[in-house]
Amino acid sequence: MMDLYAEEILDHYKHPRHFGHLDDPSLTYHDTNPFCGDEITLELKIEDDHVADVAFTGHGCAISRAAASMMSEEIIGKSLDELRAWEKESILDLLGVEVGPVRIKCALLPLKVLKAAVWGLKPEDE
Amino acid sequence: MLLDVAVSPDRAIDVEQIRADFPILERRVHEHPLVYLDNAASSQKPRQVLDAMDRYYRTTNANVHRGVHTLSEDATALYEAARARVSEFVGACCPKEIIWTRNATEAINLVAYSWGRANLGRGDRILLTEMEHHANLVPWQILAAEKEVELDFVPVADDGTLKLDRLPKLLTPRTRLFAFTAASNVVGTLNPVREMAAAAHKAGALALVDGAQSVPHMPVNVQELDIDFMAFSGHKMLGPTGIGVLWGRRELLNAMPPFMGGGDMIREVHLRESRWNELPWKFEAGTPAIAEAIGLGAAVSYLAGIGMEAVQAHGRQVVDYAMARLSEVKGLRILGATTNPRGALVAFTLGEIHPHDIAGALDSLGIAVRAGHHCAQPLHQRFGIPASTRASFYIYNNEAEVDLLVAGLQKVIEFFSS
């Protein structure tokens, strides 16, 4: 139907990985995209400065949910330093489709939350 | 020099003939004919409006109220003729009650900054409603913070109507202004403006009406409604962006201090003080949006040529058809009343599918709808949803386009359901 919704994106949207909660998260971060009302809560389990486990919840469009799902798979085992060095291309490459200027905020919301978490920013919405 | 606008009054709406006046409807989007259903955000423009603006720039362009040369005189005549047309269109007493602004938002801000700052103080109250567009919320929040004014809100019922039985309690002796929309841009509710204004007046408050969604779609007469201020935007009623209107009763406008200072709004200027120009120019500092005002004048003539009763009847016919067809779509929930007459728009949710995905998918079929909170976040919060999808109609939309929307939504469901 549309180039934006590649098969893999649709699969992650319909069957999001790591969707839910962790028993004992080390970090919990939440953010919203006021433009469309998307919201995501990211929970991380950190061991030895590495991501041991991750879970996310929230409402969002297919792009933001797929991005959160793909990102969750990717960050397990990564060090906090590695994740601090992530840039927006890290997520856009995972998505593997051309995200236009309108939808890029949807795609990058999970990264925004992740960055806040790994940099230890004071959560605004908690 | 009069605006040259082709009109044929007293005729039932001929959608095919109207469509021929809108060049953009020939455009294809993603290889599909454009189906433009985002009119509550901004309408398209007929060639009569485009031509009036183009002709102005090609033959008349000059600053207004300044030069004694021919072009400036002609430009001023066109500019003020547009004001006179708009004045007549909304039933104002006279053109001096028509203040040009950039849009409805600026018109409301003008009242908040000028009338509000001069007249409101600690403990005064402003009554709003839960269904307001951000344009009729945020200016009052800013004023309330600055002047220690309290804000009250008429609640919205589950069917999208206002709980007007609360008015006697909400209109307190300290309420100075009741500012409300005539027509909701989300739930489609048409509010009883005259009754609400009368209640405000009975309580000693002024009535400001956000007419952004009513003036484009129905006959509006500010004197018959007996209101005090009304704001509306040109671009939602076939006119260009960058031009809007504040209508106000002239005794109120006369008593108000200027909004912005600068050229054209003054009578005489000294180094340390100035005297203000008379209405309407007191509120129009600097070189105005001349071509845009002329464009709005042409738009108003175009609408008047069709007749606003006919415009309203057509909108009702298309939205009634849309409501009936959309109710066939599984999982689709319409926001607001499904029975009462409503404005020419319908906002809905579709199962768990996010409005951005719906709008993105429909766009790939050439169908333009709005997704999000439509600048009415509190109203969405009221209904417990972050966002909705909205289809909004105008004079050039037809039932075939509604069918395309419904077919598109069926494809969306198929595509996104697991």
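Predicted model: local features only at pLDDT ≥ 70, side-chain atom pairs only at ≥ 80, totals over all residues.
**View 1. The division of chain B into domains.** Domain 1 is made up of 15-41 + 307-413, whereas domain 2 covers 52-304. The centres of these two domains of chain B, taken over C-alpha atoms, are separated by 28 Å.

**View 2. An open sheet of four strands in chain B.** The strands follow the order β13-β14-β17-β16, and their pairing is antiparallel. At the edges stand β13 (332-334) and β16 (370-372) of chain B, each of which pairs on one side only. On average, neighbouring strands of the sheet are turned by 30° against each other, direction ignored.

**View 3. Strands β14 and β17 of chain B, with the helices that pack on the sheet.** Strand β14 (residues 345-350) and strand β17 (residues 388-392) of chain B run antiparallel and are joined by four bridges. In this pair, F348(B) stands opposite T389(B) of β17(B). Helix α11 (residues 308-326) of chain B touches β13, β14 and β17, and its direction makes about 15° with that of β14(B). Helix α12 (residues 355-363) of chain B touches β14, β16 and β17, and its direction makes about 160° with that of β16(B).

**View 4. Contact between chain A and chain B.** Twelve residues of chain A are in contact with 15 residues of chain B. The chain A side consists of eight nonpolar, three polar and one charged residues.

Key:
Residues numbered from 1 in each chain as written. Chains lettered and ligands numbered in written order. Contact = placed C-beta atoms within 7 Å. Nonpolar A, V, L, I, M, F, W, Y, C, P; charged D, E, K, R; others polar. Pairing = 2+ DSSP bridges. Helix = DSSP H or I, 4+ residues; strand = E, 2+ residues; numbered from the N terminus. Axes fitted to C-alpha atoms, helices over the stretch in contact; angles between N-to-C directions. Domains from an automatic or database assignment.
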